[in-house]
Amino acid sequence: SDSIAGNNYGLYLYQASNNTIFNNFINSSRNSGANTYSHGILISALSDNNNITLNSIFVYSRNSKGILLQDSSNNYFERNNIIVNSDGYSSGYYSSNGTNSTLINNTILSYYASADPEGAVYLYISSGNTLSGNNISIYGGAANNGRGLLVDGTNKQHYNHSIDNSNLLDNKAMYYFFNNN
């Protein structure tokens with residue numbers, strides 16, 4: 001197990017494909033300034049087919065993401081422990097224009113101090129993702145405003161995901177319906 005700490009991005013994959021990130025402790029935190037941000041793992045710009053497994057990710061900062069996936073496809077996330085403690089727009093897992101990625105058996109804890117948090121898992125303009133067996137918890141002063149899962153997009157395809165009821169939100173089964181009449 002390796003430790004990565006003390007910067008805005010614990011790990012940053014840019015146009016990097018077919019990597020395995022396994023069994024690391026990642027601490028990415030910034031404490032000052034209104035526009036500070038930190039991301040535990042940032043995967044962007046056509047970084048495809050990466051395997052992110054058995055990592056512990058801790059992020060403390062405004063506007064932070066445990067895992068931020070941008071413009072990348074076919075990434076696999078399994079058995080990661082993600083803790084995000086933030087007073088801004090934050091998510092444990094945030095996918096922006098990410099397609100066909102899999103999240104399985106991850107634990108995501110999101111602490112929300114602000115009154116307008118993002119989802120602990122936020123799928124934005126993304127499609128074809130699979131979520132199964134994830135344990136998601138939200139807590140803190142704004143937990144009543146928090147969203148365990150937020151799916152947003154500009155067309156119907158952005159809502160097309162496979163999200164089964166083995167995913168838990170605060171120890172309750174999550175149900176996601178797409179294209180049901």
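Asn167 touches Leu131, Ser132, Gly133, Asn134, Lys172, Ala173 and Met174, residues up to four places away in sequence not being counted; contact here denotes heavy atoms within 4.5 Å. The model is a predicted one, in which local features need pLDDT of at least 70 and side-chain atom pairs count only at pLDDT 80 or more, whereas totals for chains, interfaces and linings use all residues. Residues are numbered from 1 along each chain as its sequence is written, and side-chain values use heavy atoms, with hydrogens and water left out.

Asn167 lies in the loop between β18 (162–163) and β19 (168–169), where strands (E, at least two residues) are DSSP runs numbered from the N terminus. The residue is buried, its relative accessible area being 0%; buried means under 20% relative accessible area, exposed over 50%, and partly exposed in between (1.4 Å probe, protein chains only). The side chain of Asn167 reaches the backbone oxygen of Leu131 at 2.9 Å and the backbone nitrogen of Gly133 at 3.5 Å.

Tyr94 has Tyr122 in β14 as its bridge partner.

The structure holds 4 aromatic pairs, defined for rings of Phe, Tyr and Trp (its six-membered ring) with centres within 6.5 Å, planes under 30 degrees apart counting as stacked, over 60 as edge-to-face and the rest as tilted. One of them is edge-to-face because the planes of Phe77 and Tyr93 stand at 70°, with ring centres 5.3 Å apart. This pair links distant parts of the chain, Phe77 in β9 (residues 76–78) and Tyr93 in β11, 16 residues apart. Both Phe77 and Tyr93 are buried. The rings of Tyr122 and Tyr124, with centres 5.9 Å apart and planes at 65°, also form an edge-to-face pair. Tyr122 is buried at 9% relative accessible area, while Tyr124, at 27%, is partly exposed. Ring pairs join Tyr94, Tyr122 and Tyr124 into a cluster.

Note on methods: Helices (H or I, at least four residues) and strands (E, at least two) are DSSP runs, numbered from the N terminus. A polar contact is a pair of N or O atoms within 3.5 Å; within protein, one must be able to donate a hydrogen and the other to accept it, and residues adjacent in sequence count only if both atoms are side-chain atoms. Two strands pair if DSSP finds at least two bridges between them.
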